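Here is a short tour in questions and answers. Take a look at the model before reading on.

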Amino acid sequence: MLIAGFPAGAWGTNCYVVAPAAGEECVIIDPGHQATEGVEETLRKHRLKPVAVVLTHGHIDHVASVVPVCGAHDVPAWIHPADRYMMSDPEKALGRSIGMPLMGELTVGEPDDVRELTDGAALTLAGLDFSVAHAPGHTQGSVTFQTPEASDIPSVLFSGDLLFAGSIGRTDLPGGDHAEILRSLARVALPLEDSTVVLSGHGPQTTIGRERTTNPYLREVAAGRGAPSSPRRGM
């Protein structure tokens, strides 16, 4: 499996392009602010043809380039229905203005083809299997995408802003809920194998095993106690 990722835009949001191998079809995950050029460069480098964009949640730092990317390649975007409104009204999702100069660089709105994700859905896109888990807390429509483990390849969790290396997503924006993100961590992240690779919405790669032993939030959730409050990673 080929996974090419890069941080994009003002918030350094990780965008991922995933394919079975070079020269094949691919899926684009979270093309955020100023991600279009990086996406196109990655497609050219690996000779890839997109078949879909999938979104871990609706914050503008994860969806700002959805319209141009989907339009350029005539592909659908997949998002959880609870976060769909954020594509057309990003400022409502943040509870404040994100600033006119920045807004001038964005194409706000939905692509022509939007499809809705559900908890437990099994997506087969570009010859790849992704299991979808609804993981609210950072936003009400946050989801994760997980690839299955293969004989020589560990499972990969695209965690969005649910789980980071050493931290978790912030919950102080509209739709955020600290208690709910802890429940999502307990339901979605804790049961996974230690070898599961975690590719987050921000920051470096990690594994479930590493986070189980070093991440204060995951450790407290595993222990069945309240976790530290006010995580500040992500938008």
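Predicted model: local features only at pLDDT ≥ 70, side-chain atom pairs only at ≥ 80, totals over all residues.

Q: Which residues of helix α1 are buried?
A: Helix α1 spans residues 36-46. Buried here means under 20% relative accessible area. The residues in question are Gly38, Val39, Thr42, Leu43 and His46.

Q: Within what arc do the buried residues of α1 fall, seen down its axis?
A: An α-helix has 3.6 residues a turn, so residues three or four places apart point the same way. The buried residues of α1 line one face of the helix. On the other side, Glu37, Arg44 and Lys45 are exposed.

Q: Which elements are included in what covers the buried residues of α1?
A: Both strands and a helix take part. The helix is α3 (66-73). The strands include β1 (2-8), β2 (13-19), β3 (25-29) and β4 (49-54).

Q: Which element supplies the largest share of the largest nonpolar core?
A: This core has 28 residues. Val39 and Val53 are among those with the most contacts inside it. β1, β2, β3, α1, α2 (60-63), α3 and β5 (77-79) each supply at least two of its residues. The largest share, 4 residues, comes from β1.

Q: How many residues does the second, separate core have?
A: Val18 and Leu125 belong to this second core. Val143 and Leu199 are also included. Its size is 21 residues.

Technical notes: Residues numbered from 1 in each chain as written. Heavy atoms only, no water. Buried < 20%, exposed > 50% of the residue type's maximum accessible area, 1.4 Å probe, protein only. Arc of directions from axis to C-beta. Contact = heavy atoms within 4.5 Å. Core = buried A, V, L, I, M, F, W, Y, C linked by side-chain atoms within 4.5 Å.
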